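I opened this model to look up a few local features and to write down what I found. The entries below go topic by topic.

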Amino acid sequence: MTAPSACALIQPKEYKSGVKPVWCPGCGDFGVLGSITKALSGLQIRPENAAIISGIGCSSRMPTYLSTYGFHGVHGRALALATGLKVARPDLTVIATGGDGDGFSIGGNHFMHTCRRNPDMTYIVMDNQVYGMTKGQASPTTEPNWEKGKLTPGGTGINPFQPLVIALASGANFIARCSSADSNGTARVIMEAIRHPGFSLVQILSPCVTFRPEQREWKNMLIPAPVVATSDPAQAARRLLTDEGLFTGILYVGNRPAYQPTLEASIDDVAKLDEEFQL
Amino acid sequence: MSRRNLSIALTGSGGSGVMTTGNMLLEAAAEAGWYGFMGRSAGPQIRGGEAAALIRVSSQPIESPDDNFDLVLAIDPGSMGRFVAEIPLRTDSLIISDSEGGRRSSSLPDTPAQLLDLPMKKLAKTVKGGRPNMIALGAIAKVIGLAEASIYSILENMLKSKGPDALKASWACVQAGFAAAQDLPTLKGPPITTGSSRERWSFTGNEAAGLGAVRGGIRFVAAYPITPATEVLEWLAGSLPKVGGVLVQAEDELASINQIIGASFGGKPALTATSGPGLALMTESIGLAVCSEVPVVVLDVMRCGPSTGIATKSEQSDLSIALNGLHGDAPHLVLAPTSVTDCVLTTQWAVHLAETLQTAAIVLSDQSLGQTRAIVNRPADIAFMAKRLVPEQFDEVYNRYAVGVTGVSPMSVPGQAGGQYTADGLEHTVAGAPSSLPGDHLAQLEKRERKITAFEYGQHWAELEGRGSTAVITWGSTTGPVREALMRLRETGEHVRLIAMRLLAPERPEEMAAALDGVEQLLVVEQSHSKQFYRYLRAAYDLPADTRVFNRPGPLPFRPYEIIEQLAEWSAQS
Ligand SMILES: Cc1ncc(C[n+]2csc(CCOP(=O)(O)OP(=O)(O)O)c2C)c(N)n1
Ligand code: SF4
């Protein structure tokens, strides 16, 4: 892999690995890939100093397509893996990426607890309200009356999960919603998310054109939030509960300090640990 | 007449303080220059259930429970009933109890042993703030020949935080117990040698495993609490920060294992500790570590299974899941310590091997090692350190998963320019790109297998002792009783070999063939109901035609005489 030269600005395309994505033509995730490379370039984070961590799903393929360090782990555990990496290596820029199934269903417990723990990382969820990779089942964010899921032919009949509300209640420090169609706008939000200390959640509505073709319409439905980001959780909760999931932008910016245990040794020799066992 | 060994059980119910008393007794034994250990047995109650401290002291280093107990001190008589199976007695064993000590209707179980009465409760009442367990401590000290004064320094040390009144009351009780035991028979312990030495240590197997981990280079631990592994974590939580490491209490075991994979990917040697239920949850991700070639160590302190089983008691029944529980073809390391002291070496070696071979190592300790506190000789310093092969410079193209000769390929660390790659649980090319091609799959499977099978593990794969055409093969905590049984036989001129396996995976066919050379009769000893170890040996190795198995489930430990009996029965038949 060629390292970008130290003086010239690193261009967005230099963050691409060159591996050809497996995604269907028109998939929203292409746009997200572009936004991530623009954000990394915007912040001039050197590829060797960033790590993109994911689970399993179409969206979770992201790390392979980037020239940074990456980890494509198992389904649902990206946030746990990313937390371990960030705690061990606070110097790195750590970004977790994945889908709504990966993050909110099988990985739901880690989602809540990572919001709570608040490590300094960014979590980008490509929400398409469906399981793309396994060919079109309902996900936690699918609306109850969507009848095309083969395992739930009459619709799920259950209320969708509200990731941003849960994130807020669990203690996430930065909450935003974006559209994959707005490449530059999304890149700007990701830059802010990376810059902001603590755990930043960026939900990107990213159409699955194969199993939810109607989501192509999202680009006309999503609108920038008419208000600025709040740092008042009560106000944020009210807005998130009433905006029908269609307002984009940075919606909440908190000020909790990030979780980062110190890694400074207090003794110079491991052999000193022996002392407590000596008679 | 003094004895080389003494086994003493203390039982009590509901906050009677048997564990504290037992720890004090063990400390006093250490002061007297003795070796020994204290195991613990407890019921399911969180607080206040019956508990037993099972102690053995000796003039020599010891690892095995004896055949039976010489002395039982039942602080309240009803508490002993729960432990009859765990406290075998002879007709000349002594039971000291308090006929007025218990609640209504609590009485001693039927027993062949001699019963002696000591009014511990009444005596404790004569001291302000006095407690029967301290009366018991004084009485035991008298019976086994420890000086009264030697207990004082222990009390002083252990009650430091409780203030002068507590010390005064306890000391008065110890003196009262000592005086009241004047008329009891004595069971004199080993000769007393004074002057404690830094060459002898006191620790539990769980602390020993923690120490081995840190010595080996572990600097990141993530874990979720579970009996009987929690003390490993407690020790690490206090000790890791001193050496610049960190322990994270994770939300569950799925998080623990993935956090340590993340930390290790970032270059920090990482470990988690758990027990059977947690290991079961982790298996998918242990496979991820194997496939993505990220070193991790998983310490499983086994307890009785399946399911929640008996959470507080020991069994060797996670062997099969540790060996075979990963989906797909996922070669990894499985190791097991053979004694409390060996928890240091085996854990440290596991860290070294996992890091050297870039794979997952599962270490199988168990409750009887982990929660036993032992007085031992200082564990030897060994040179096993985490030493990962990290590239120093990069070619135009960095192939993280290059196949190479040894199968171990240089692993870059995030931050190294030019070393970027994506670690992947998907099958991949040498460069790390996802691949579903049969050729890539085969090449990577062979790489991951070869790096661990072709490695030279040296002498530590097993402990081999003795000679003769009969051998006993065992592993883990059952090594203690087997070793003692064979030592006793040796004293009578009978020679039986010991093979105690430390490295259970990968298989070592050549080393095993050499160890079994000339063996005609092989006895397999293991603590599992379904003969997991025996089945594994049958599948992996060429065993003598005359191979038998002596197995039983936990929690009852093997006792040396049982192994001697098995061998005697066998030779009588043939
Ligand atoms: C433990 C486990 N269970 C199930 C699967 C199968 N699986 C792969 S991806 C996926 C769902 C992915 O959905 P989502 O996270 O929404 O991502 P998308 O494909 O829509 O981007 C499932 C169920 C798996 N890989 N691992
Ligand atoms: S199935 Fe859907 S989510 Fe997956 S690549 Fe195709 S369009 Fe994208």
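**Ground rules.** I note that this is a predicted model, in which local features need pLDDT of at least 70, side-chain atom pairs count only at pLDDT 80 or more, and totals for chains, interfaces and linings use all residues. Residues are numbered from 1 along each chain as its sequence is written, chains are lettered from A and ligands numbered from 1 in the order in which they are written, and side-chain values use heavy atoms, with hydrogens and water left out.

**Cores.** For a nonpolar core I use the set of buried Ala, Val, Leu, Ile, Met, Phe, Trp, Tyr and Cys residues joined through side-chain atoms within 4.5 Å, with buried meaning under 20% relative accessible area, exposed over 50% and partly exposed in between (1.4 Å probe, protein chains only). The largest one has 139 residues, and Phe220(B), Met501(B), Leu504(B), Phe533(B) and Leu537(B) have the most contacts inside it. Helix α11 (residues 342-357) of chain B gives the most to this core, with eight residues; helices (H or I, at least four residues) and strands (E, at least two) are DSSP runs, numbered from the N terminus. A second, separate core of 54 residues includes Met19(B), Trp34(B), Leu116(B) and Val143(B).

**Val482(B).** I placed Val482(B) in helix α14 (residues 479-491) of chain B, and I count Val482(B) as buried because its relative accessibility is 0%. Setting aside residues up to four places away in sequence, I list its contacts (heavy atoms within 4.5 Å) as Val472(B), Thr474(B), Leu498(B), Val525(B) and Ile563(B).

**Strand β13(B).** Which way do the residues of β13(B) point? I find Ala360(B), Ile362(B), Leu364(B) and Asp366(B) pointing one way, Ala361(B), Val363(B) and Ser365(B) the other way, and all of them buried. Pairing requires at least two DSSP bridges between two strands, and β11 (residues 296-302) of chain B pairs with β13(B) in the parallel sense over seven bridges, with Met302(B) and Asp366(B) as bridge partners. Strand β12 (residues 333-335) of chain B is also parallel to β13(B), over three bridges, and Leu335(B) stands opposite Val363(B).

**Backbone geometry.** Most residues other than glycine have a negative phi, and most peptide bonds are trans. I therefore wrote down Ser307(B), which has a positive phi of about 50° and is exposed because its relative accessible area is 63%. Gln358(B) likewise has a positive phi, near 50°, but counts as buried at 0% relative accessibility. I also recorded a cis peptide bond between Gly305(B) and Pro306(B), with omega about 0°, and another cis bond from Gly554(B) to Pro555(B), with omega near 0°.
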